[in-house]
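Hi everyone, thanks for coming. I'd like to walk you through a model, so please have a look at the sequence and the structure on the screen.

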Amino acid sequence: MDELDIAILRGLFGDINHYPARSQIRESLSSLSRKLRVSEPSLRKRVNAFFNSGFLQGWSVYVNPHVIHQYVAQVRLD
């Protein structure tokens with residue numbers, strides 16, 4: 001894993017100090033590629049490599065509990 005891979009992961013998942021980590025996890029890869037100054041095909045290739053290697057196994061969607069006036073604490077270990 002190199003610096004670009006780390007930048008891609010940070011771009012995909014954003015600030016993990018908030019629940020959920022990011023409401024738009026599948027932000028346009030083209031906008032992320034522009035932000036990181038790398039071509040979109042190169043970015044897609046690296047993201048696909050994360051999935052093919054098993055490093056990433058899928059995307060998750062979570063309801064923002066604050067929108068429905070609820071509060072949640074969660075600990076998740078794999």
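I'll go through a helix, its packing, an aromatic pair and a serine.

One thing before we start: this is a predicted model.

Let's begin with helix α1, which covers residues 3-13. Which residues of α1 are buried? They are D5, I8, L9, G11 and L12. If you look down the axis of α1, these buried residues fall within an arc of 160°, so they line one face of the helix. Turn to the face that points away from the buried side, and you find the exposed residues E3 and R10. As for what covers the buried residues of α1, the cover includes α2 and α3.

Now for the packing itself. In general, two packed helices are described by the angle between their axes and the distance between the axes. For α1 and helix α3, residues 40-53, that angle is about 85° and the axes are 11 Å apart. Angles of 65 to 115 degrees count as roughly perpendicular, and therefore α1 and α3 are roughly perpendicular to each other. On the α1 side, the contact is made by L4, D5, I8, L9 and L12. On the α3 side, L43, R46, V47 and F50 take part. How does this contact divide by class? It has seven nonpolar residues, two charged ones and no polar ones.

D5 sits in α1, and its relative accessible area is 13%. The cut-off for buried is under 20%, so D5 is buried. Leaving aside residues up to four places away in sequence, D5 touches R46 and F50. D5 and V47 are 42 residues apart in sequence, yet their C-alpha atoms are 8.4 Å apart in space.

L9 is another residue of α1. With 14% relative accessibility, L9 counts as buried too. Between L9 and F50 there are 9.5 Å from C-alpha to C-alpha, and the two are 41 residues apart along the chain.

F50 has come up a few times now, which brings me to the rings. How many aromatic pairs does the structure hold? It holds one. The partners are F50 and F55, with 5.8 Å centre to centre and 45° between the planes, so the pair is tilted. Are the two partners buried or exposed? F50 counts as buried because its relative accessibility is 5%, whereas F55, at 48%, counts as partly exposed.

Last stop: S33, in helix α2, which spans residues 29-36. S33 has a relative accessible area of 6%, so this serine is buried. Which residues does S33 touch, not counting those up to four places away in sequence? The answer is V38, S39, E40 and L43.

To recap: α1 has its buried residues along one face, α1 and α3 are roughly perpendicular, and F50 forms a tilted aromatic pair with F55.

Definitions and conventions:
Residues are numbered from 1 along each chain as its sequence is written. This is a predicted model: local features need pLDDT of at least 70, side-chain atom pairs count only at pLDDT 80 or more; totals for chains, interfaces and linings use all residues. Side-chain values use heavy atoms; hydrogens and water are left out. Rings of Phe, Tyr and Trp (its six-membered ring) pair if their centres lie within 6.5 Å; planes under 30 degrees apart count as stacked, over 60 as edge-to-face and the rest as tilted. Buried means under 20% relative accessible area, exposed over 50%, partly exposed in between (1.4 Å probe, protein chains only). Helices (H or I, at least four residues) and strands (E, at least two) are DSSP runs, numbered from the N terminus. Contact means heavy atoms within 4.5 Å. Axes are lines fitted to C-alpha atoms, for helices over the stretch in contact, and angles run from 0 to 180 degrees between N-to-C directions. Angles under 35 degrees count as roughly parallel, over 145 as roughly antiparallel, 65 to 115 as roughly perpendicular and the rest as oblique. Ala, Val, Leu, Ile, Met, Phe, Trp, Tyr, Cys and Pro count as nonpolar, Asp, Glu, Lys and Arg as charged, and the others, Gly among them, as polar. The arc is that of the directions from the helix axis to the C-beta atoms.
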